[in-house]
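This briefing is meant to be read beside the sequence and the coordinates.

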Amino acid sequence: EVSPSPTIAEGIAIGRPMRGQEILALARKHDIRFVHAPEDQILAARAHLARKGIYCEHTTAANYAAYLEYCRLYGKTSDCLITMCGAGLKSDH
C-alpha cells in the first residue's frame, strides 16, 4: 500500500483509493493528464477563492491549486470543471 505524503488537504490523502484501478484505466483510455496540487500553493489558492466569495476547505483549494498548476504546465483550457465542496469553516483550526 502506498503511504500518501503529508498534506493539509486531508480529504485527498488516500493511500489506496477505492476505485483507483478503474480511474487509472479510464485515464489511460482517454489520454487524461494528471497533475499534483503543489502543497505550497494550497493556502494561496484558498485565499484567492475566498477573495472571490468561495470560502472552502483545504481539499477544495487543492483542486484549484492543481488546476492552476495544470495551466502553468500546459496552458489554459477551453473548458474545465473543478469540484468544489466542503465549507471553509472545517479548515479554520
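**Overview of the predicted model**

The secondary structure of the chain amounts to three helices and zero strands, in a model that is predicted. Read from the N terminus, the order of the elements is α-α-α. Of the chain's 93 residues, 24% count as buried, and among contacts between residues at least 6 apart in sequence, 60% join residues that are at least 24 apart.

**Packing of α2 with α3**

- Two packed helices are described by the angle between their axes and the distance between the axes.
- Helix α2, covering residues 42-51, and helix α3, covering residues 58-74, have axes that come within 8 Å of each other and cross at roughly 95 degrees; this crossing angle makes α2 roughly perpendicular to α3, because angles of 65 to 115 degrees are placed in that class.
- On the α2 side the contact is formed by Ile42, Leu43, Ala45, Arg46, His48 and Leu49, which meet His58, Ala61, Ala62, Tyr64 and Ala65 of α3.
- By residue class, the contact of α2 with α3 divides into eight nonpolar, two polar and one charged residue.

- A pair of aromatic rings is described by the distance of the centres and the angle of the planes.
- With ring centres required to lie within 6.5 Å, the count comes to two aromatic pairs.
- In one of these pairs, the rings of Tyr64 and Tyr67 have centres 6.2 Å apart and planes at 25 degrees, so the pair is stacked, the cut-off for stacking being planes under 30 degrees apart.
- Tyr64 and Tyr67 are three residues apart in helix α3 and are therefore separated by about one helical turn; Tyr64, which also takes part in the contact with α2, is buried, with a relative accessible area of 13%.
- The rings of Tyr70 and Tyr74 have centres 4.9 Å apart and planes at 45 degrees, so this pair is tilted.
- Tyr70 and Tyr74 likewise both lie in helix α3, four residues apart, or about one turn of the helix.
- Tyr70 counts as partly exposed at 21% relative accessibility, and Tyr74 is also partly exposed, with a relative accessible area of 43%.
- Arg33 lies over the face of Tyr74, at 4.0 Å from the ring centre.

**The loop between α1 and α2**

- Asp31 is found in the loop that runs between α1 (20-29) and α2, and it is exposed, with a relative accessible area of 71%.
- Asp31 has a positive phi of about 50 degrees although it is not a glycine.
- Most residues other than glycine have a negative phi.
- Phe34 has its place in the loop between α1 and α2 as well, and at 55% relative accessibility it counts as exposed.
- Leaving aside neighbours within four places in sequence, Phe34 is in contact with Ile23 and Ala27.
- Phe34 and Tyr70 are 36 residues apart in sequence, while their C-alpha atoms are 8.3 Å apart in space.

**Thr59 in α3**

- Thr59 is found in helix α3 and counts as buried at 14% relative accessibility, since buried means under 20%.
- Once its neighbours within four places in sequence are set aside, Thr59 is in contact with Ala9, Glu10, Gly11 and Ile12.

How values were computed
Residues are numbered from 1 along each chain as its sequence is written. This is a predicted model: local features need pLDDT of at least 70, side-chain atom pairs count only at pLDDT 80 or more; totals for chains, interfaces and linings use all residues. Side-chain values use heavy atoms; hydrogens and water are left out. Axes are lines fitted to C-alpha atoms, for helices over the stretch in contact, and angles run from 0 to 180 degrees between N-to-C directions. Helices (H or I, at least four residues) and strands (E, at least two) are DSSP runs, numbered from the N terminus. Angles under 35 degrees count as roughly parallel, over 145 as roughly antiparallel, 65 to 115 as roughly perpendicular and the rest as oblique. Contact means heavy atoms within 4.5 Å. Ala, Val, Leu, Ile, Met, Phe, Trp, Tyr, Cys and Pro count as nonpolar, Asp, Glu, Lys and Arg as charged, and the others, Gly among them, as polar. Rings of Phe, Tyr and Trp (its six-membered ring) pair if their centres lie within 6.5 Å; planes under 30 degrees apart count as stacked, over 60 as edge-to-face and the rest as tilted. Buried means under 20% relative accessible area, exposed over 50%, partly exposed in between (1.4 Å probe, protein chains only). A charge sits over a ring if NZ of Lys or CZ of Arg is within 6 Å of the ring centre and within 35 degrees of the ring normal.
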